[in-house]
Structures are given as structure tokens and as C-alpha cells.
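User: I have a model to go through with you. Let us take it in short questions and answers.

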Amino acid sequence: IDPVIISVSHIRSKKFQKSFISFIQFHPPTKMPSISTLNSSQFLPKTFFFFFFFFSISIFSLVNARSIKSTHHHSVELDESLTYLWPLPAQFTSGNDTLTVDPNLTLDFTGNGGSGGGSAVVEEAFERYKKIIFKHGSKLAKSGEYFDVNRVTVIVHSDNDELQLGVDESYSLLVTKSNERSIIGGVSIEANSVYGALRGLETLSQLCKFDYGVKTVQIHKAPWFIQDKPRFAYRGLLLDTSRHYLPIEIIKQIIESMSYAKLNVLHWHIIDEESFPLEVPSYPNLWKGAYTKWERYTVEDAIEIVDFAKMRGINVMAEVDVPGHAESWGAGYPDLWPSPSCKEPLDVSKNYTFDVISGILADMRKIFPFELFHLGGDEVNTTCWTTTPHVKQWLQDHNMTAKDAYQYFVLKAQEIAISHNWTPVNWEETFNNFPSKLNPRTVVHNWLVGDVCAKAVASGFRCIWSNQGYWYLDHLDVPWEEVYYAEPLEGIKSISEQNLVLGGEVCMWGETADASDVQQTIWPRAAAAAERLWSDKETTSSRNTTSTALQRLEYFRCLLTRRGVPAAPVTNFYARRPPLGPGSCYEQ
């Protein structure tokens, strides 16, 4: 009967859930053994009725929902008192005017950032956002036609376009009506870096709305004055391309959509035990571990992804997970396996293993300029080391236990990463097992236990928060509000320790996600975490904001779909499921 009890949670109606559970409680099967001990002739008569009952209720619910929803016109009214910007800016004021926006909108780029590579970042972004804003209003303005907003002035104070952790993403945005008496009419964005200017352009694009009645782009509630900056420096999304290969075009689409929610780090979990799709020139047989010869990334592909991300203010942090999760390495170099029958963790006893790691990191350093590099270190089962004769002998010769060897491997990999001028990031198991031995520069990546970040920062380490109970996007039964209210600083009271939490990251593990459904799984729940990481805690943490946050998130989800991002409905019981019946995008 257990599967029936579990499956009842799929019924959206709470009343049906209660009725069904009550029925099971008051009509329990008599002396029913566990399913594992039953043969089919015993099992089917006793449980068929319950499965049939649940199935009938499910079908009735779906049919009934269709018949009810499809026969009644339902017009959705948005709450105009809400601010439909996502993530919510730090400070803002607005008015009551409606401004029209010229489809011939021009860019005036000034300040120190107007020279060098930074100008290309802003100019390309401006052209991208013009295509978004004027998707419907692409017609040129008629001669003599007047618009309130006809230019965007962007002032950037720094000419440094280097993108690293903690780059200044703050900006101010002023939207007023242009007129002859106003020096500051139109739209002005002021930022210390080009990446702050990018965030300002995103906010501006969300203020611009197409009016279907007059077929003109408008900005409501003007004048706007927005001063904004992120709460956390690190706002990430993990993308797993080992469990399922993702084509470059899909990765680019995801990066583009990340910029809409002001996320700024793509954690690229490129390789794992299932496949090794990346080209490594120093060890060209490694990508023999790819699923097929067509499911691979060349060096040029990876550089293209990094460059594409940089133009959107997004860093790419690569991960090479060692010593576990590395079985695929041996497809090209079998000597990396402890033995042909025991293939991971990587062979700790051979210098050759570390030569290969060093070669991989040297090649990857030419691709990934971001200062953080993820070395994994999680879920290491050392059985192969203690049961493979030559590794077992090596352990004895070096007077090491398997746990000692795990520490030895992680620390040696850290030394290699640091020698390539990287700051190592490791999953929390490394901190849980040997915290005092880790390099002090280590960034601890929490995923498993709730209080790890608090313990890590208390020990002086920096931390990234990705608690699997809330921010693992492959957990399809986690509703948007649990993602939204999850707090990276939970249990951390000291300001100095809070400052050691770099931020957080939602994780899109790829076991059940490929090009067909990965974006629906990421969005819109990733946006809930994005606002937690960007916006002021006090204005977004009160539980009485749930209804307003839901309306704003539903609006943002529809914004994503209008921009071509296949974001799933917000209130699905299971993420990425399609709607159950007809209805507005703004109420799903």
C-alpha cells in the first residue's frame, strides 16, 4: 500500500487528499505483508482496489478540472500596487506618470568606461535589450511623432572590464520625461563598472511594457529612481553536462536567462563518472569518456561559452571532481583506475594520477579566467583503495588509512589548483572530515548538512550555500516558497562571519534533465533563489509577503516565457510539469 500513500500527495485537491488518506486509515488491508515479500498472486488482489481508487480520483480530477475551467471565461487582473521587478531592487521610488518610449531609442555611453573593452559590453547589451523591449513595436517612429523617452545615457566610472568575484554590480537608474527644460530627461544609468550598467539595463527592460491598445512601449509609474546593489557577491547556478550532454546552444540560452534574474556565476559541472565530454589537449584520450563522439566540447566551444557569459556579466566556474566521481577518466587512460574491476576513486597511489590532474588544470586555466575553481571532493567511497592489492600496499607503506589517503588526495589537488593561481572550492565533505588540514583559502561548498556554512565561517573559511533540501532543482517536489525563503545566513549572527558567506547557488543536477526539459526545471524556481541572493533580506523575508511574492514571481515567469525561455508554471506540485488545464500565464 505504500506506493498509494506516497502517490496521494500528487492529488492537488487537499480535500481529496484528506478523504483518501482517511479511507485508507479506516479501511486498512488485513495483515498485509510488505510488498517485497509478496508474489504477484498475493499482491494484486489486495492492492488492486486501492490503485484503481486512486487512479479513478486522478482521472476524475483532471476531467473535472478541464470541464470547469474550459467552460468559464476567467479574466486575470494584476495588482497594480505591486512592483513587478525581479529581483526586487534595494531602494526605489516611483510616481504616477506613463511615459512612451521611442522605438529609435539611442545609447549615449560616457565616463571612463566608454573606452576599451567595456564599451563593447554595454553597447552589445543595449542592442540585445532593444530587441527585447521592441519585440512588438519594431516599426520606426513616424516623422514628427513625439516620445517621452528617446535616449538612454549610461555613465560608467571605471574602464576596467575584468570580471571577477565581487566586481561592483551596483547601479542607479533614473527614468523621467524628456523635455527642453530638463537636463536629466529620459533614462540615465550610472554605475562604477560595466557590469553594474548591465544590471541597470535589465531593470530598465523590465520597466518597459508594450501596450497592445496603442501599440507603443510604455513605462508606467514614472518617474522612477532606483538605487540597487546585490546582497551577495556570488549568485550561482550549477549546470551538469556529464549526466546528460547539453548542446552549446542550450547552455547559451541558460546563460542568457540567468542574466534576466541577475545571477552571475555558472558553475559548470562538466565531467563526472558518467561521461567526460571536454577536450584536454595535454591528455587527448580523456574525452574518449564522452557518451559518443558527437557529445563533446572542444576547447574553442568552452572559450565561446566563457566569452558569451562574460558579455552578460556572468563568470564560469569549472569543476573537476576528484578523487570520486571520476570513473569516465579511465575510458581514455585505464591506469587512472585502481583496477579494471574497481574504477573509482582515482588511483591515489600513482604520481601519474596527479600528473593528469595537473595537465587538465593547466589546460583549463587557459579557458577559465575566473578565480574560483571547483575540485569536488564529495561522496568518496574508498573501498577500491582498501581492496585493490597495489593501492592497499601503498597505504601500508605510507602508514595511511583510507581516510588519510582521501585527505592526502584532496590537499594535493588543492596544491595543484593553487599553483595555477586558482582559489579551490570543495564540497562540504572535505571540511566535515579534515577541516584543520584544508588550505585556508578554501571555499567550502555546503550541500548536505544545514549548519555547515555556520561552522565553516566560524573556522575562518568562506562558504557557498546550496542546501539540497531547498536549492537542488532536481528535487522536483520542493515548492517555490521553500526555495524563496531559504536563507544562506541561517544561524550566522556575527557580521564578520556573515561576510564570509560568498552567496549561494541552485544546482541543476542532470540525471533526469536534458535539452528537452532542463530549462523548465531551472525556471522559475531558480528565480526564487535569485531574489533571495540579490534583494534586501528585510523586504523579502516576512511571511506576509508570500502572496505578493507569488504574484511577482508569476509575472516574472511570464516575462521569461515572453523572452523565449520555457519556464514552467510557478505553483506546480511537481516542478517542470505542464499546466493541468486552460488558464492565464499569470495564474499558474
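User: Which handedness does the link of cysteine 342 and cysteine 384 have?

Analyst: First, the ground rules: this is a predicted model, where local features need pLDDT of at least 70, side-chain atom pairs count only at pLDDT 80 or more, and totals for chains, interfaces and linings use all residues. Residues are numbered from 1 along each chain as its sequence is written, and side-chain values use heavy atoms, with hydrogens and water left out. Cysteine 342 and cysteine 384 form a disulfide, S to S 1.8 Å (a disulfide is a pair of cysteine sulfur atoms within 2.5 Å). The angle about the S-S bond is -100°, and the link of cysteine 342 and cysteine 384 is left-handed.

User: How many residues apart in sequence are the parts that cysteine 342 and cysteine 384 tie together?

Analyst: Helices (H or I, at least four residues) and strands (E, at least two) are DSSP runs, numbered from the N terminus. Cysteine 342 sits in the loop between β11 (315–318) and α8 (351–365), while cysteine 384 belongs to helix α9 (residues 383–387), so the parts tied together are 42 residues apart.

User: Is cysteine 342 buried or exposed?

Analyst: The cut-offs are these: buried means under 20% relative accessible area, exposed over 50%, partly exposed in between (1.4 Å probe, protein chains only). Cysteine 384 has 7% relative accessibility, so it is buried. Cysteine 342 has 16%, so the class is buried.

User: In which strand does cysteine 463 lie?

Analyst: Cysteine 463 is joined to cysteine 453 by a disulfide, S to S 2.0 Å. With -85° about the S-S bond, the link of cysteine 453 and cysteine 463 is left-handed. The partners are ten residues apart: cysteine 453 is in helix α13 (residues 452–458), and cysteine 463 is in strand β15 (residues 462–465).

User: What is the torsion about the S-S bond of cysteine 558 and cysteine 585?

Analyst: Cysteine 558 and cysteine 585 are joined with S to S 2.0 Å. The disulfide of cysteine 558 and cysteine 585 is left-handed, because the torsion is about -120°.

User: What pattern do the disulfides of the protein follow?

Analyst: The count comes to three disulfides. With bonded cysteines counted along the chain, the pattern is 1-2, 3-4, 5-6.

User: Where does UniProt place the feature "active site"?

Analyst: UniProt positions are given in the numbering used here, feature names are shortened, and annotations may be inferred rather than shown by experiment. The entry is unreviewed, and it places "active site" at Glu379.

User: With which side chain does the side chain of glutamate 379 make a polar contact?

Analyst: Glutamate 379 is in the loop between β12 (372–374) and α9. Contact means heavy atoms within 4.5 Å; leaving aside neighbours within four places in sequence, glutamate 379 is in contact with His325, Glu429 and Trp447. A polar contact is a pair of N or O atoms within 3.5 Å; within protein, one must be able to donate a hydrogen and the other to accept it, and residues adjacent in sequence count only if both atoms are side-chain atoms. At 2.8 Å, the polar partner of glutamate 379 is the side chain of histidine 325.

User: What share of the 588 residues in the protein is buried?

Analyst: The protein has 20 helices and 16 strands. Of its 588 residues, the buried share is 53%.
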